[in-house]
Amino acid sequence: MTKYPGPALTRTNILLTVLFTVLLLIVWPVKAQADDYIVVYRSHLQKQNMLNRPTFPVSRSFTIIPAVTAQLDANQVKQLRANPDVEYVEPDYKIYALGGPDSNAYSSSGINALSSSQTIPYGITMVNAPAVWPRTMGAGVRVALMDTGISMYHPDRGNVVDSVSFVTGEAVEDFAGHGTHTSGTIAAADNDIGVVGVAPQADLLIAKVLDNTGSGQDSWLISGIEWAVNNNAKVISMSIGGYNYSAALDTACSNALATGTLLVAAAGNDNVSTPSYPAALSSVISVSAIDQNKNKASFSNYGSTIAIAAPGVSVDSTVPISTDTSAVADAVWSSTSHQSNLVTGTAPGSVTGQICNCGLADGSDQDNTCPDNVAGNIAHIRRGITTFAAKVAHAQSKGAIGAIISNNAHGNFNGTLGDGTPLVVVSISKADGDALQTLAQSGISGTVSVDGALYAYYSGTSMACPHVAGVAALIFSAAHYNITPSEVSNILFDSAQDLGSPGRDDIFGHGLADAYAALTLEKINILTAFADNWLQPCSSPGWCDGMDTNQSGSVDFVDFAALAQNW
Ligand SMILES: [Ca+2]
Ligand SMILES: [Ca+2]
């Protein structure tokens, strides 16, 4: 065997190699690539032990599962996987909103302006919600929405009892549109405008777990589920999905179900049988989409995990005005319109009042503070120094109802608030601002308006999911005892309108969700339970906990009378 001698390792060669390597590191510093991971410990105690002496920077910590999230490089992942305290480490997968505007979403004139009447979208009727509204509109039931947030100052917004953003650097305010749309299908207000949701009196818990582009990560969703459970959500609606299975998300959903929360998710929009998560998890009700004719939506996923179907094609619901690119902003004074742009995050509508100079509205001195008479009037704010959000918040704190932000450089501009505002806010050019500044000194009134679509047609299994979440809320609300999530899902499935091949199938699951049939079945169930348990002792916690109204230890005629009163 011939050995080929390699180059001699002379001192000069070694030195050159070292120098070259150092040079390489200086010119191209090689940083180990770090990605987002979920690190799941064997117990909460073991997780806490690590947090007491962290060996890596933790970005999120959970209570619903013994886990944290962190940015880790391959070497750190390897070390953690070898750590006996760690059960597993998995990538923090991306998840996405599963619906969006139709091609003509905003073009229909009927939904653009606020009219003096309310229309019931076809899907609300198709799930038979109006038929049960005389009995319940979902009052007293908390439905948590895992989505892109909500347009907080939408005039047809449902009853939001609490909200939080789990998206770093983004407020709850929905600049995507998706979350406002799904929230409207669940609980848009029953009033004389726009649309109405399946359960318009339900209490909404808004968790922003998708950013303003509609994407998120499993860990953000887990944070949202944890928050929903801690805030006594009865239903969690997830119009979200991705094709990567996460054991951490699986455990979080199972734990949420075990604490009494029903979970519903969109099946996915790729017309495939591939399981999408969280929908395909065993603890989650997976919803496929149908159209106005109760046919499968062309895009809807299908397969063995589909549990139920609901309308998801061209669904009319609420959207933030700033998602309408043809929305029109206007600022009028001296009987003249001045070229204006809406400031993203503005409330829709039109306000009229005195225009008051607020300078930079940063509160730094008298010239840059809104005067007291701005209350109930319009603030004129100059651009510069601080954020539009801070300026508008200052004007709001002084009671302004609208704001005009004028440029500090030539021409017009587009601005964005970090959060939503109840004020109508537009921007104007520097030239118009300079003129307005002078006019406002001697007193002038004007009108600020933002007009555009507050409703739009969206399609996706994302639109089907909140129909089912709403029907579940109606069942919880109407139930005559402490009903459990598994009892609610059984009622949902057993009362669904069978579609397609007889019985459960892989396209429609158990069929179309039907609120009227569900509440009828709930009544039959309760009567059956009364008959089966009449005068029997309530030995263990169960259904008669909520039915034994006189706490006699069994269900009797007193309890039946109480039931009949609320029938
Ligand atoms: Ca309405
Ligand atoms: Ca069927």
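In strand β9 (residues 203-208), Ile206 is the bridge partner of Leu145. The two residues belong to a pairing in which β7 (residues 142-147) and β9 run parallel, joined by six bridges. Two strands count as paired if DSSP finds at least two bridges between them. Helices (H or I, at least four residues) and strands (E, at least two) are DSSP runs, numbered from the N terminus. This is a predicted model, in which local features need pLDDT of at least 70 and side-chain atom pairs count only at pLDDT 80 or more, while totals for chains, interfaces and linings use all residues. Residues are numbered from 1 along each chain as its sequence is written, and chains are lettered from A and ligands numbered from 1 in the order in which they are written.

- Six of the six residues of β9 are buried, a residue being buried if 20 or more other C-beta atoms lie within 10 Å of its own, exposed if 12 or fewer, and partly exposed in between, with C-beta atoms placed from the backbone.
- Asp203, Leu205 and Ala207 point one way from β9, Leu204, Ile206 and Lys208 point the other way, and all are buried.
- Strand β8 (residues 159-165) also pairs with β9 in the parallel sense, over six bridges, and in this pairing Ser165 stands opposite Lys208.
- β8, helix α6 (residues 178-187) and β9 form a left-handed β-α-β unit; a crossover is right-handed if, with the strands pointing away from the viewer, the path from the first strand over the helix to the second runs clockwise.

**The sheet of β1 to β4**

- Four strands make an open sheet in the order β2-β3-β1-β4, with antiparallel pairing.
- β2 (58-61) and β4 (86-91) are the edge strands, each pairing on one side only.
- On average, neighbouring strands of this sheet are turned by 30 degrees against each other, direction ignored.
- β1 (residues 34-41) and β4 run antiparallel and are joined by five bridges, and Val40 has Tyr88 in β4 as its bridge partner.
- Helix α8 (residues 247-258) lies across β1, β3 (67-73) and β4, running at about 110 degrees to β4; axes are lines fitted to C-alpha atoms, for helices over the stretch in contact, and angles run from 0 to 180 degrees between N-to-C directions.

**Pairings of β24**

- Strand β24 (residues 445-451) runs antiparallel to β17 (residues 328-333), with six bridges between them, and Asp330 stands opposite Ser449 in β24.
- Strand β20 (residues 349-357) pairs with β24 in the antiparallel sense over six bridges, with Val351 opposite Val448.

**Whole chain**

- The protein chain has 14 helices and 25 strands.
- Domain 1 covers 36-93, domain 2 covers 97-102 + 111-320 + 457-495, domain 3 covers 328-451 and domain 4 covers 534-567; these bounds come from an automatic or database domain assignment.
- The C-alpha centres of domain 1 and domain 3 are 48 Å apart.
- Of the 567 residues in the protein chain, 51% are buried.
- Of the contacts with a separation of 6 or more, 74% are between residues 24 or more positions apart; two residues are in contact if their C-beta atoms, placed from the backbone, lie within 7 Å.

**Confidence**

- The average pLDDT of the protein chain is 92, and 92% of the residues score at least 70; pLDDT is the predictor's confidence in each residue, from 0 to 100.
- Residues 22-29 have a pLDDT below 50, and this stretch has one contact in the model beyond near neighbours in sequence.
- Residues 109-113 also have a pLDDT below 50, with six contacts in the model beyond near neighbours in sequence.
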